[in-house]
Amino acid sequence: MAILLGCDSVHLEFPTKLIAQDVTLGVNEGDRIGIVGKNGDGKSSLLGVLSGAVPPDAGRVTRRRDVTVGVLGQRDALDGASTVHRAVVGDLPEYEWAASPRVRQILDGLIADVPWEGLVGELSGGQRRRVDLARLLIGDYDVLMLDEPTNHLDMRTINWLADHLKSRWQRGDGAMLVVTHDRWFLDEVCTSMWEVHDGRVDPFEGGYSAYILQRVERDRMAAVTEERRRNMARKELAWLSRGAQARSTKPKFRVDAARELIADVPPVRNELELKRLAVSRLGKQVIDVIDVDAGYENGAGEGGSAAATPPRPVLSDVTWLIGAGDRYGLLGENGAGKTTLLNVIQGKLSPRRGRVKIGSTVRFGVLSQQLDELKPVEDDTIREVLARGKRYVMVEGKETSPEKLLERLGFTQQQMWSRIKDLSGGQKRRLSLLLTILEEPNVLILDEPGNDLDTDMLALVEDLLDSWPGTLILVTHDRFLMERVTDQQWALIGGTLRHVPGGVDEYLRLTESLGAGGSPRPQAPGFDGGRGDAHVPPNASQAAAQGPQGGLSNAERQRLKKEVASLERKMETRRAKVEEMERGMFDIDPTDFAALAAQQDAIAAARDELDELEMAWLEASEQLDGC
C-alpha cells in the first residue's frame with residue numbers, strides 16, 4: 001500500500017494552544033479517514049499542516065511527487081461577483097466538462113436548482129456550500145481533504161455526498177480525510193478514525209461507531225490499569241509497614257467483545273415514565289394543527305414581513321396532532337417550510353385556512369439557529385446570567401444547580417467568568433440550550449441544536465435531552481442526532497406533512513423519487529436542449545416517473561397503492577388506540593397493581609400489532625417504490 005502523504009515528528013503550537021507535539025502520520029492509498037476531537041483541539045490545523053497551508057514549527061511534511069490534493073475549507077473563497085458557471089468550471093470550454101458523465105452527475109446531484117449564470121454573491125449559505133463542493137468534486141484529485149463538508153447541507157444532499165464519496169475511487173485508490181461532527185456521515189464514508197487531543201493524534205480502525213466502542217474499551221482498560229497501580233501501591237505500603245512482602249496473584253482481565261461492553265446498558269430513555277411526567281405537566285391537550293394552509297406574502301421569506309400582494313403558499317392541508325411527551329423529528333429540505341410550520345405551531349403565524357389549538361398549559365422553549373436569545377446578555381458573564389435565574393432545576397428527579405448542568409455540558413469553573421460575546425459558537429449553543437431548559441418549558445423546539453458542536457458535546461446534549469420530560473420537536477440535518485433523540489419522524493414534502501414510520505431512510509426514498517419540492521428532480525444546469533450538443537439522460541427519479549418498471553403490471557401497481565393506503569389508515573387508528581391506552585394508565589388507581597399490569601399488557605399487545613402493520617406497510621411501500 002503506497003503512501004501518498006504524511007508528516008514526521010511535527011510540532012505546532014499557537015500562543016495559547018498546543019496543537020501537535022511530535023506527531024507522525026501517514027496517509028496511504030485507499031485510506032478513508034475521519035478526524036474527530038473537541039472544538040479547538042486542532043482538527044482543522046492538522047488538515048492545514050497535511051495540505052501544506054499551515055507550516056509546522058518543527059518536523060516535516062512529505063508528499064509523493066505526483067500526488068494532487070483538493071481541499072474544502074470551512075469557509076469558501078468564492079468570488080461573490082463571479083457567476084456560478086465560472087466558480088464551478090472556470091474557463092474550461094463547455095464541450096470538455098459537458099462531455100463528462102462524472103461532472104454531469106456531480107452538477108445534477110449538487111446544484112441542479114442553483115441558477116447557472118447567477119452571481120455567487122446572491123446565493124444562500126447552503127447554495128454557496130454546494131457550489132464550492134461541486135467546484136472541488138469535479139476535479140481529479142488523489143487526496144480530498146474536507147473540513148465540515150455537511151455544513152449548511154440538507155439531509156438529501158448529505159446522503160448524495162456520502163454515496164458519491166463511497167464510489168468516487170475504486171477500492172484501494174485515492175484517499176480522503178474528513179473533519180465533521182456528523183456521526184452518521186463518518187460511519188458511512190470512513191474506514192478509520194483519527195482522534196486529535198492534547199497535542200496527539202490517536203488512530204482507530206473502523207468508522208465512528210467502531211471508534212466509540214474502542215474508546216470505551218480504552219478508557220475501561222485505563223481505569224483497570226490505574227486501579228491496579230493503586231492496589232500495588234497499597235501493597236507496597238503494607239509490606240513496608242509489616243516488614244515482609246505480601247504475596248498476591250496478579251489479576252487477569254479479559255477484553256470482552258464490543259457487544260458485551262453495552263450488553264447491560266439500559267435503554268436511553270424510560271418512555272413510559274417520561275410520558276407520565278409530561279402528562280402531569282401538560283395535560284391531554286397540547287398542540288393540534290388541523291387542515292392548515294399557511295404562507296407568506298410574495299417577496300417575503302419565512303418569517304418575512306407582510307405586504308399587499310398575493311400570498312405565496314408554503315404549507316397545504318397540514319394536520320399534526322402533538323401530544324404530551326411526544327418526541328418528534330421534522331424532516332425537510334432547505335426551504336420546504338419547516339420554519340413556517342414551527343411559527344404556526346407557536347402561534348406566531350396565523351394560518352390562511354384551518355385552525356391551530358394550543359393547550360392552556362403549554363409553555364414553549366425555543367432554541368433558534370441564530371441564537372437571538374443570547375443577544376440581550378452578550379456583554380454579561382455566564383455567572384451573572386445564571387445568578388438572575390432559578391437556583392435549582394429538577395433533572396432526572398433530582399435537584400441540580402445550573403452550574404452543575406453547565407459542567408455536565410462541558411464548561412469549566414474558570415469559564416463561568418467568561419463574557420457571552422467571547423464564547424465560541426459551540427459554547428454559545430450549549431449555554432442557550434441550558435438557559436432554555438432553565439425556563440422550565442414543557443414544549444421544547446430545537447432548530448439545528450447540533451450546529452458548532454463536536455461529537456463529544458453532541459453526546460452530552462443528547463444525554464441531557466434523554467431525561468427531559470416534555471414534548472420535543474427537533475429540526476436538524478444531522479441524521480444521527482435525529483434518530484437518537486426523537487421517537488418518530490415527520491416530513492414536509494411539497495408543502496404537505498406526512499408521517500414516515502420508516503424514519504430517515506423512508507424520507508430519503510420519497511425525496512429521491514419525487515425530487516426537491518415534491519416534483520421530479522430537474523436536470524443539471526446547462527444541459528437543456530438549447531445549450532450545445534450535450535445530452536443528459538434522465539436521472540433515476542425521472543426514469544421512475546416515466547412509467548412502471550420491474551415487471552409489475554398496472555393492476556398490480558394499483559393493488560399495491562390500495563394496500564399501502566389501507567395500511568396507513570390502520571396504522572393511524574392503531575397508533576391513536578395505543579396513545580389512548582397510555583393516557584388511560586393515569587386514570588388507574590396506582591395501588592391497583594393487577595389493573596396496571598393488565599393495562600400494560602394490553603398496551604404491549606397493541607404496540608406489537610402496530611409494529612406488524614408498519615412492517616407490512618414498509619414491505620408494500622418498497623415493492624411500490626421499486627416498480
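## Stop one: helices around H6

Start by selecting H5 and H6: Arg-130, Leu-133 and Leu-137 in H5 make contact with Thr-157, Trp-160, Leu-161, His-164 and Leu-165 in H6. Sorted by class, this contact holds five nonpolar, two polar and one charged residues. Keep in mind as you go that this is a predicted model.

Now look at the geometry of the pair. The axes of H5 (residues 125-137) and H6 approach within 13 Å and cross at roughly 10°. Because an angle under 35 degrees counts as roughly parallel, H5 is described as roughly parallel to H6.

Which way does H4 run relative to H6, parallel or antiparallel? Their axes come within 9 Å and cross at roughly 155°, so the two helices are roughly antiparallel. Show side chains at this contact: Gln-105, Ile-106, Gly-109 and Leu-110 of H4 meet Thr-157, Trp-160 and His-164 of H6. By class, the contact between H4 and H6 counts three nonpolar, four polar and no charged residues.

## Stop two: the open sheet

Move on to the strands. Select E14, E17, E18, E12, E19 and E20, in that order: these six strands form an open sheet with mixed pairing. At the edges are E14 (364-367) and E20 (496-499); each has a single partner strand, so one side of each has no neighbour in the sheet. On average, neighbouring strands here are turned by 20° against each other, direction ignored.

Zoom in on E12 (residues 327-331), which is joined to E18 (residues 471-475) by four bridges, with the two strands running parallel. To trace the pairing, pick Arg-327, which stands opposite Leu-472 in E18. Then pick Tyr-328, whose bridge partner in E18 is Ile-473.

Then turn to strand E19 (residues 488-493), which pairs with E12 in the parallel sense over four bridges.

How many of the residues of E12 are buried? Five of the five are, so E12 is largely enclosed by the rest of the structure. In a regular strand, side chains alternate between the two faces of the sheet. Colour E12 accordingly: Arg-327, Gly-329 and Leu-331 point one way, Tyr-328 and Leu-330 point the other, and all are buried.

## Stop three: Leu-406

Select Leu-406, found in helix H13 (residues 402-408). Is Leu-406 buried or exposed? With a relative accessible area of 0%, Leu-406 is buried. Leaving out residues up to four places away in sequence, Leu-406 touches Ile-382, Leu-386, Phe-411, Met-416, Leu-431 and Leu-434. For a distance label, draw a line from the C-alpha of Leu-406 to that of Arg-430: they are 8.2 Å apart in space and 24 residues apart in sequence.

## Last stop: helix H1

Finish with H1 (residues 43-51), a mostly covered helix with eight of its nine residues buried. The buried residues include Lys-43, Ser-45, Leu-46 and Leu-47, and Gly-48, Val-49, Leu-50 and Ser-51 are buried too. Step just past H1 to Gly-52, which takes a positive phi of about 95°.

Definitions and conventions:
Residues are numbered from 1 along each chain as its sequence is written. This is a predicted model: local features need pLDDT of at least 70, side-chain atom pairs count only at pLDDT 80 or more; totals for chains, interfaces and linings use all residues. Side-chain values use heavy atoms; hydrogens and water are left out. Two strands pair if DSSP finds at least two bridges between them. Axes are lines fitted to C-alpha atoms, for helices over the stretch in contact, and angles run from 0 to 180 degrees between N-to-C directions. Buried means under 20% relative accessible area, exposed over 50%, partly exposed in between (1.4 Å probe, protein chains only). Angles under 35 degrees count as roughly parallel, over 145 as roughly antiparallel, 65 to 115 as roughly perpendicular and the rest as oblique. Contact means heavy atoms within 4.5 Å. Ala, Val, Leu, Ile, Met, Phe, Trp, Tyr, Cys and Pro count as nonpolar, Asp, Glu, Lys and Arg as charged, and the others, Gly among them, as polar.
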